[in-house]
Amino acid sequence: MKYSLLLLLIPGFLHAQEQRPVEPIESADYREMLRKPANYQRDSIVTSIETLRSALYGRLELWRPLADLKVDNGVVSLVFTPRYTLQLSGKLGTGIEVKTTNRTPSLQQLFAQGRTENGALKWNGPETGEMFSYGPALRSLEFDGAPYPYDPHGKLTSVGSGNGKAAVAYDNSILRTGVSWKNYATFNGIISRQGSDWIKLNLALEREDGSTVVRYNDSRTTKLATNASIRLQHFQIGAGYQYRNTNLTTDNRIGLLNRAWQQSLLTPATFDNAYTTKPYGSQADNPLALLKDNGNRYVAHHHGFLVNVKYGSHKLEAETEYSGVASRQAALEAYPAGTYGFPPEGVSVDRNTRLQQHIVNTHVTYKIGGSDTHADVTARHILSSAGNVFNYSLPEKQYPSQRTVNELQLEVPLFFRISHRVNAKAEVANKTYLSNTVRQKGYWLPSAAVSLWVNPAYSTLHLSVFSRLTTSSHEIPLEKSLACLQLANYNSFDMSGYFPLTEVRTDEQVKPIRTREWNTGIEAKLSSWSLIGSVYVKNVKNDQLPFYVGSEWLMGNVADHRTTGYEVTLSLLPRYWVGEKLHYFGNISLHGYRNEVTEIAPGMDYTPIAGFRDVNSALVKGKPFGVIVGSTWRRDDAGRLVIGADGFPIAARTGIIGNPNPDFVLKHNSRFEWKGWQLEASLEWKKGGEMWNGTQAMLDYYGRSRRSGIERNTTGYVFEGVTEDGHPNTRPVSFYDPAQPLSANRWVKYGPGGVAEDYVQQADYLRLHSLLLSYKWKFERQLVRELTVAGYVNNLLLWTPYEGGDPAQLLFDYPNGTGLDFFNLPSVKTFGCNLLIKF
């Protein structure tokens, strides 16, 4: 390019060599000034220094930044930037959200509480303790009108023998429409000195009150955050404080909300939970009695502190930052009197958690070299100290823990220029990890990385490639309670006594978790397009996971596992059309991974990491992390079902029945802007992954599922498979024959949990995550600078082949609960509107 410019300028250079005499430049104004005498008064636009001094209160402050020139009556005044200025701004906002539940399991409302007796279907009232809904059809029943403590219309009897009032299918849902209000305010102040920011102040307040989608449950959250900073020559000093207070009617740590949801779904269609506080059956609970005035409460206080001092010069940068956390959770967890599985008087436990954490992060960076080749050598030290205590009142027990960690790190990145359009960086680093809660110290945790940036000539292409290898050590956070793993001591169909009161104890010989990850990728930008792609391999060694020994759970090094994956993001950078009034931005991202348990400690194969005794997510060597394990069907060597002499498939031993890990996740985000309007939308498609539908299994067993209602009259059905002697099965069966005992029922014969393999379903989904429409007004030279009104919907649409609720919900909201559904609470659909004022 520079040679082309030279060719264009050569003719001008040659012409400039022509020899001509220099002629004076004269104008009429110039000749007029020559005719005026020396003492002639100049025009007012030219002032003397004395005049300027007079305009500036007697002195000329040439060291102050000049902001403007002011002309008044022909006199010019210099306007300087004020030495100190104060700029105030802020935001005021309010919003309302209306929440409804998304997909819920389908129920049958056609058949009554009861079972087959003496070859006929019979209604059995709640006083009989009946748990099943395999009674007669509601259309064949009516009320008798007699006094009855369980229904104001009386008992049910056959049509023609009562008062003529037809049987009613009651709605026993515990769900409702939730509403929440949020108000927030932010105030900012900046004091500038000589045109540069000197002191910054910030204050943010927020309050949210709401009712959840579960009846008799409310929440309230209050937040406060403030920070301040000051710049003193080469130093910058800052401090901040955060406070958060959370109040809940019922905390779900003990699974109370899931239990209430389970009981509401299992309640027979002919029983009304709202009429009485009594349960419908001998092993059941009234879900409304579990929720209303149950004595539960949850209060959490969180305090966060931050202080940092930073020094910066041309070559040297140093910073020390202190961050601290002091938090407390106080919860009263209880089941009311009469709850099945607990003493008649109920159970109540005070649970308190106290956490104190202090982190001091100090680093020094020194720059060596010039602009083309230089190195930023950084030495870093992180000292963290944390103390946590779990307290339980029944039995009265404390679980204290304390951890001090020292981490040292040395980073040496070398930047250099290969050519005018090619730059590169090479980096080497090492860390140490020293902790008082592990027996193995980490002195050698090396990392290395290389990067290359290329900007080809005559092109809008910008290209960069990178590759890095990192090694690190860490441990499970102290404040993370793992008492929920006691769920693995219960079968899914008999967990009525579940109440987690024991924390996991850490093995004294535990080693730190060692992670080594290799990541390489490319980033390309061309015109308005951007493409970022990377592949990675992550190896985790000595992963800390709980395992059951004797009568307690211990935290130890259970397994090694490896994850390989990829991430690709294609973005259309902001584009403008219609005279730059229409603006669009969008991206598509694709993420997929595969993982495998590569090594496991002796005797630890099939160790559960979430779930129940009979069905759980487990670690199995050579298999994906967290495969689903449960009861299976008996099959022959060709994989065909083995059918028993009664014509039904035969159950077999426990084995791997599913893999919850997806094949890939595809996401798309779009944003349109036109004048003051803005429209945003985000989609997500998860392909692959399986889920155990334990909710469906229990609903089938008790006759409350829609499927059991539709298929219970099926007769002459032949299961595809082979008999025990290897011949094709030809024996027809009836799913529910009133002439047979209830135990011969298609869904009852295998027990309350059924055969787990039969309830593993695909968990793909396509979800419209969010949709937002807003309009913004802007005002100039007004107290209010912007006014924005927005309406939005979250989790609006969900398409999935899964037959339960939302497959993205976790088991009891516990970690590692992916792929397990046992009365998981439904996801929430949110409709919101907010108003934001900026001043």
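Predicted model: local features only at pLDDT ≥ 70, side-chain atom pairs only at ≥ 80, totals over all residues.
The mean pLDDT of the protein chain is 90, and 91% of its residues reach 70 or more. The pLDDT is below 50 over residues 1–63, a stretch that has 22 contacts in the model beyond near neighbours in sequence.

Several loops between strands carry backbone features of note. Most residues other than glycine have a negative phi, and most peptide bonds are trans. Against this background, a cis peptide bond runs from Leu-394 to Pro-395, with omega near -5°. Pro-395 is placed in the loop between strand S15 (373–393) and strand S16 (396–419). A positive phi of about 55° is found at Asn-118, which is not a glycine. The loop that holds Asn-118 lies between strand S4 (114–117) and strand S5 (120–123). With a relative accessible area of 83%, Asn-118 is exposed. Lys-675, another residue other than glycine, has a positive phi, near 55°. Its position is in the loop between strand S30 (664–674) and strand S31 (677–687). The relative accessible area of Lys-675 is 56%, and this residue is therefore classed as exposed, the cut-off being over 50%.

Helix H4 (residues 256–266) provides an example of an enclosed element. Because 11 of its 11 residues are buried, helix H4 is largely enclosed by the rest of the structure. Among these buried residues are Leu-256, Asn-258, Arg-259, Trp-261 and Gln-262. The packing partners of the buried residues of H4 are helix H5 (287–291), strand S13 (316–335) and helix H6 (694–702).

The side chain of Ser-473 is joined to that of Arg-514 by a polar contact of 3.1 Å. When neighbours within four places in sequence are left aside, Ser-473 is in contact with Arg-514 and also with Tyr-433, Leu-445, Pro-512 and Ile-513.

The cavities of 30 Å³ or more number 3, and the largest cavity has a volume of about 80 Å³. This cavity is lined by 14 residues, and those closest to its centre are Pro-105, Trp-261, Gly-805, Asp-821 and Asn-824. Trp-261 is also one of the buried residues of H4. By residue class, the lining of the largest cavity comprises 6 nonpolar, 5 polar and 3 charged residues.

The largest pocket contains about 910 Å³ of space. Its lining is made up of 40 residues, with Leu-248, Asp-251, Asn-252, Leu-257 and Asp-813 nearest the centre. Strand S9 (196–211), strand S10 (218–232) and strand S11 (235–248) are the elements that give two or more residues to this lining. The lining of the largest pocket divides into 14 nonpolar, 14 polar and 12 charged residues. Leu-257, named above among the residues nearest the pocket centre, is likewise a buried residue of H4.

Methods
Residues numbered from 1 in each chain as written. Heavy atoms only, no water. Polar contact = N/O pair within 3.5 Å; in protein donor to acceptor, adjacent residues only side chain to side chain. Contact = heavy atoms within 4.5 Å. 1 Å grid on protein atoms, 1.4 Å probe; cavity = no way out; pocket = protein on both sides within 12 Å on 5 of 7 lines; lining within 4 Å. Points joined across faces, edges and corners; volume = space filled by probe spheres on them. Nonpolar A, V, L, I, M, F, W, Y, C, P; charged D, E, K, R; others polar. pLDDT = per-residue confidence, 0-100. Helix = DSSP H or I, 4+ residues; strand = E, 2+ residues; numbered from the N terminus. Buried < 20%, exposed > 50% of the residue type's maximum accessible area, 1.4 Å probe, protein only.
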